[in-house]
Amino acid sequence: MSTSVIIPAAGFGERMGAAIGKQFLSLAGKPIIVHTIEQFQRSAAIDEIVIAAREESFATLRTIIDGFGLTKVRPLVKGGVRRQDSVANALAALDTGCDIVLVHDAVRPFISQETIAQAVDAARFFGAAIVAVRAKDTIKQAGTDGRVERTLDRSFLWNVQTPQAFQLSVLRDAYARAASDGVAATDDSSLVERIGIAPVIVEGSYDNIKITTPEDLLLGELLAKQYA
Ligand code: CTP
Ligand code: MG
């Protein structure tokens with residue numbers, strides 16, 4: 001049995017506002033997506049890497065994959081309109097022997113070897129696992145009128161990241177049910193939660209940022225230097 005990671009990389013990076021998709025922007029001398037793929041290429045816990053991308057990026061990606069020797073990457077899969085559609089397309093293309101699947105954003109280049117291994121182990125044991133960090137800020141719920149309704153108890157709150165890791169049958173069931181119910185969600189865990197499975201939390205690192213807006217690139221350069 002084998003472990004696969006799906007890397008959705010079909011976004012436009014609207015909030016970054018760059019001329020190219022942010023996954024292809026350079027960070028410490030190489031494209032962000034290369035940093036990300038290299039972590040899974042290096043990991044003994046990962047057998048294959050399936051990337052969902054827009055068709056117009058296929059040629060660029062193939063050049064990158066060959067040029068950086070990323071041998072675990074399987075044939076590219078077409079992305080969809082939403083992240084959820086990109087992941088669904090990749091799920092349909094997984095190796096038949098796969099039993100554990102991770103989903104990891106192309107734009108989280110600072111994922112550690114330790115966290116990848118812990119997520120895989122937790123998914124194997126518990127069926128579903130998500131990487132998260134404890135909320136640093138106090139978080140309040142407000143109404144549409146902009147007035148605070150209540151203060152949430154921070155000791156129970158987590159900021160969720162990727163990877164999120166699952167037994168393949170669990171994620172496939174969750175995606176099938178979301179499709180038939182017409183449900184959209186911003187992370188994979190939400191789809192699994194709604195079929196009655198509670199993922200376990202693997203405590204990760206604050207370094208595992210998602211490169212979303214221009215400030216994240218500045219922080220990313222600092223983090224890349226620290227690990228170089
Ligand atoms: N993604 C994807 N398919 C989509 C949308 C997003 O594969 N239709 C991927 C992105 O490429 C990224 C990950 O999902 O690796 C997380 O999404 P996000 O940070 O929102 O990236 P973008 O959608 O590119 O950015 P924005 O929302 O600012 O446009
Ligand atoms: Mg997006």
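Tutor: A residue is near a molecule if one of its heavy atoms lies within 4 Å of it. Around ligand 1 there are 19 residues, and those that come nearest are Pro 8, Gly 13, Glu 14, Ser 86 and Lys 210. This is a predicted model, in which local features need pLDDT of at least 70, side-chain atom pairs count only at pLDDT 80 or more, and totals for chains, interfaces and linings use all residues. Residues are numbered from 1 along each chain as its sequence is written, chains are lettered from A and ligands numbered from 1 in the order in which they are written, and side-chain values use heavy atoms, with hydrogens and water left out.

Student: How do the residues of the shell around ligand 1 divide by type?

Tutor: Ala, Val, Leu, Ile, Met, Phe, Trp, Tyr, Cys and Pro count as nonpolar, Asp, Glu, Lys and Arg as charged, and the others, Gly among them, as polar. In this shell, 7 are nonpolar, 5 polar and 7 charged.

Student: What is a salt bridge?

Tutor: Side chains of opposite charge can pair when their charged atoms come close. The rule asks for a side-chain nitrogen of Lys or Arg within 4 Å of a carboxyl oxygen of Asp or Glu, and the count comes to 10 salt bridges. Among them, Lys 30 pairs with Glu 38 at 2.9 Å, and Arg 83 with Asp 188 at 3.0 Å.
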